[in-house]
Structures are given as C-alpha cells and as structure tokens.
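Visitor: Could you walk me through this one? I'd like to start with the strands and then move on to the charged side chains.

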Amino acid sequence: MKKQSLAQSLPGPLVFIALAILLLAVSAPCPAAPTPVFGLPSPESFRNSSWSFGEIFTVGAQDLTVTALGAYDDSGDGFITGGGIPVGIFKESDASLLVSTFVQSTDPFSADYRYASITPIVLQSGEQYRVVAVNLDDLYNIDLNFTVNPLVAYNGYGYVETTLLTFGNDFFGSERVWMANLNVEVVPEPSSLALAALGLLGIGCLWRKRA
C-alpha cells in the first residue's frame, strides 16, 4: 500500500490550516533580550540622606515591555537596607504609579544594578514615564557619566528627600542618573498574527463555499 504524505492524508481545509500555522511559526519575530535603559560607565557612590530619585524618559517609536526594575548597588555585594530598595514606574502626565517592587540583595546583579523581575507591563510609544528608586540606607551614584538606551529619550530627573517611593521635583536637572533603572524590550509587531488571521479567514470562506 502506497504511503501518503501528511499533507495528502489531511482534508483540504486542514492542509491550509497547517500551512497557516507553519507560516506563523516561521515568520514570527524573535524578541530581543531585555536591555537596561541606563548605564553607568564610571559610577561614583555617595550618601547624605534618603531620597526618592526619579529618572524621566520618553518612549521612542516603538512600544516597550518592561520586564524588571533595577536599583543601583554600589559595590555589587548587596544592599545595606533591610527589605530591599523600593522601585516603581510612574506615568509622568498624572504621576500615577503603574508598578512597583522591592529589589533585593539576592536579585540578579549586572553592570552596577540589581534587577527584580515584575509582571511585564507595556510603556506606550511617545509617552513620558519616570522610574523611581529610594536609596534609604544605601549609596547612590553621583558621577556625571551615563549612557541611555536608544529606545528611549532621557528627559532629566526629579527627586525629593523622603524614605517613601514618591513622585517629586524638589530638585531637578539632567546631568546625571542616580539610583533607578529598568529592563525593556520592544513589543513585537503584530504583522505575523495579522497574516495568519487573514489566512484562516480565507480558509473559512472556502469551507463555506464548498459546504
């Protein structure tokens, strides 16, 4: 008995469905690994009080998914503050807190920051946000050198003296990055999903005509 291929053994509409699923799997973009928004090539540590430091930025041409929030760890050996460093993201237009967490000494360390994973949230293209961290008993960066991920535009900072995670502008400027960071990745374009949906819609139309 002659063996049939998988495509020959399937009813016509199922062949199209299988091909559409295969096309989706092949054409779906592979998201890039999350990357930090800020970098500190030569950090210098200091402390004279507890401050709620906010770094203000505008999302570029593409929506971004935030996967983790970061706090500066001056020596890379963990935080002095018990319970971790509070970090959160505020929407700049109305000062609403979108997400927050505590970065712990046991969280992964990379390039002067520790990062606590969060349930991912999406930051909208063209919108302005503020990532805020409170140093509490720990040191913060005062060096003027920093880098900014090209996925965002840096708009400066605002901070206030407090031990609470606070949106404040008692002091402001744009010459440095203090305490907070975040990991982001580009939200994949929906073109592949749209293509698959159109294919399945066509299959449905063909099935109805045959019926």
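Visitor: How many bridges join β5 to β9, and which way do the two strands run?
Guide: Strand β5, residues 64–72, is joined to β9 by 8 bridges, and the two run antiparallel; strands here are DSSP runs of E with at least two residues, helices are runs of H or I with at least four, and both are numbered from the N terminus. Within that pairing, G70 stands opposite Y115 in β9. This is a predicted model, in which local features need pLDDT of at least 70 and side-chain atom pairs count only at pLDDT 80 or more, while totals for chains, interfaces and linings use all residues. Residues are numbered from 1 along each chain as its sequence is written, and side-chain values use heavy atoms, with hydrogens and water left out.

Visitor: What sheet do they belong to?
Guide: An open sheet of 5 strands, in the order β1-β15-β5-β9-β8 and with antiparallel pairing, where two strands pair if DSSP finds at least two bridges between them. The edge strands, each pairing on one side only, are β1 (35–36) and β8 (109–110).

Visitor: And what joins β8 to β9?
Guide: There are 2 bridges between β8 and strand β9 (residues 113–123), which run antiparallel. F109 stands opposite R114, and S110 faces Y113. The two strands form a hairpin with 2 residues between them, and A111 in the turn has a positive phi of about 50°.

Visitor: Switching topic, how many salt bridges are there?
Guide: The structure holds 3 salt bridges, each defined as a side-chain nitrogen of Lys or Arg within 4 Å of a carboxyl oxygen of Asp or Glu. One of them joins D73 and R114, at 2.7 Å from N to O. This pair links distant parts of the chain, with D73 in the loop between β5 and β6 (85–91) and R114 in strand β9, 41 residues apart.

Visitor: Are D73 and R114 buried or exposed?
Guide: Both D73 and R114 are buried, where buried means under 20% relative accessible area, exposed over 50%, and partly exposed in between (1.4 Å probe, protein chains only).

Visitor: What does E92 pair with?
Guide: E92 forms a salt bridge with R130, the closest N and O atoms being 2.7 Å apart. Here too the pair links distant parts of the chain, E92 lying in the loop between β6 and β7 (96–103) and R130 in strand β10, 38 residues apart. E92 is buried, because its relative accessible area is 17%.

Visitor: Why does R130 count as buried?
Guide: R130 counts as buried because its relative accessibility is 0%. Its side chain also reaches the backbone oxygen of G168 at 3.1 Å. Leaving aside neighbours within four places in sequence, R130 is in contact (heavy atoms within 4.5 Å) with residues including G54, F57, F90, E92 and F167.

Visitor: Which residues make the remaining salt bridge?
Guide: E175 and R176 form a salt bridge, with the closest N and O atoms 3.0 Å apart. E175 is partly exposed, with a relative accessible area of 33%, whereas R176 counts as buried at 16%.

Visitor: Back to the strands, where is V148, and what does V148 touch?
Guide: V148 is found in strand β12 (residues 147–148) and, not counting residues up to four places away in sequence, touches V37, F38 and Y154. V148 and F38 are 110 residues apart in sequence, yet their C-alpha atoms are 4.9 Å apart in space. V148 is partly exposed, with a relative accessible area of 30%.

Methods. Polar contact = N/O pair within 3.5 Å; in protein donor to acceptor, adjacent residues only side chain to side chain.
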